[in-house]
Amino acid sequence: MHVTCIPLDSVSSFRRIIFLETVAGVPGMVAAMTRHLRSLRDMQRDYGWIHTLLEEAENERMHLMTMLELKNPTIMFKGSVVLFQGLYVSAFWLAYLVSPRFCHRFVGYLEEEAVKTYTHCLE
């Protein structure tokens, strides 16, 4: 798939990247929470998956913190993030309950596309 990067000014680029990073931490957190609750219900060990997923969510949060050092979003922007995260958390949680395998593959695909997009935008 060819990635085309629309020429954006620096404000639009930062806005887009910050928004993507606020959403990127959701899958790891939702998956970790779901696996944690399942582990408690089943009264069985998880063998490190919860920790791994939480590390991924933390890694995405640190990407966001790095971008926030460069640009501070407005109140409207923060409000849209809260709204979208609420919708995305609910949708991803339901999808994770139905098919964790699909969700992990979907996140892998999104990560690959993010790498391509950021690489192209930096060139």
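What follows is a short chat about a predicted model.

Visitor: What kind of model is it, and what pLDDT do local features need?
Guide: The model is predicted; local features need pLDDT of at least 70, side-chain atom pairs count only at pLDDT 80 or more, and totals for chains, interfaces and linings use all residues. Residues are numbered from 1 along each chain as its sequence is written, and side-chain values use heavy atoms, with hydrogens and water left out.

Visitor: Start with H3. What should helix H3 span?
Guide: Helix H3 covers residues 49-68, and at 1.5 Å a residue its 20 residues should span 28 Å. The end C-alpha atoms are 29 Å apart, which agrees. Helices are DSSP runs (H or I, at least four residues), numbered from the N terminus, and the expected span is 1.5 Å times one less than the number of residues.

Visitor: Which residues of H3 are buried?
Guide: Ile50, Leu53, Ala57, Glu60, Leu64 and Met67. They cover an arc of only 110 degrees around the axis, which puts them on the same side of H3. Buried means under 20% relative accessible area, exposed over 50%, and partly exposed in between (1.4 Å probe, protein chains only). The arc is that of the directions from the helix axis to the C-beta atoms.

Visitor: Why do residues three or four places apart point the same way?
Guide: An α-helix has 3.6 residues a turn, so residues at that spacing do.

Visitor: What do the buried residues of H3 pack against?
Guide: Helices H1 (10-24), H2 (26-42), H4 (75-98) and H5 (100-122).

Visitor: Switching to H2. Is Arg35 buried or exposed?
Guide: Arg35, in helix H2, counts as buried at 17% relative accessibility. Neighbours within four places in sequence aside, Arg35 is in contact (heavy atoms within 4.5 Å) with Asp46, Trp49, Ile50, Leu53 and Tyr96.

Visitor: What about Tyr47?
Guide: Tyr47 is in the loop between H2 and H3 and has a positive phi of about 60 degrees, although it is not a glycine. Tyr47 counts as exposed at 68% relative accessibility. Most residues other than glycine have a negative phi.

Visitor: How much space lies in the largest pocket?
Guide: About 490 Å³. Of the 19 residues that line this pocket, the closest to its centre are Leu20, Ala24, Leu110, Glu111 and Ala114. A pocket, on a 1 Å grid over the protein atoms alone, is an open set of points where a 1.4 Å probe fits, with protein on both sides within 12 Å along at least five of seven lines; lining residues have an atom within 4 Å of a point. The volume is the space filled by probe spheres set on the points, which are joined across faces, edges and corners.

Visitor: Which element gives the largest share of that lining?
Guide: H5, with nine residues.

Methods
Helices (H or I, at least four residues) and strands (E, at least two) are DSSP runs, numbered from the N terminus.
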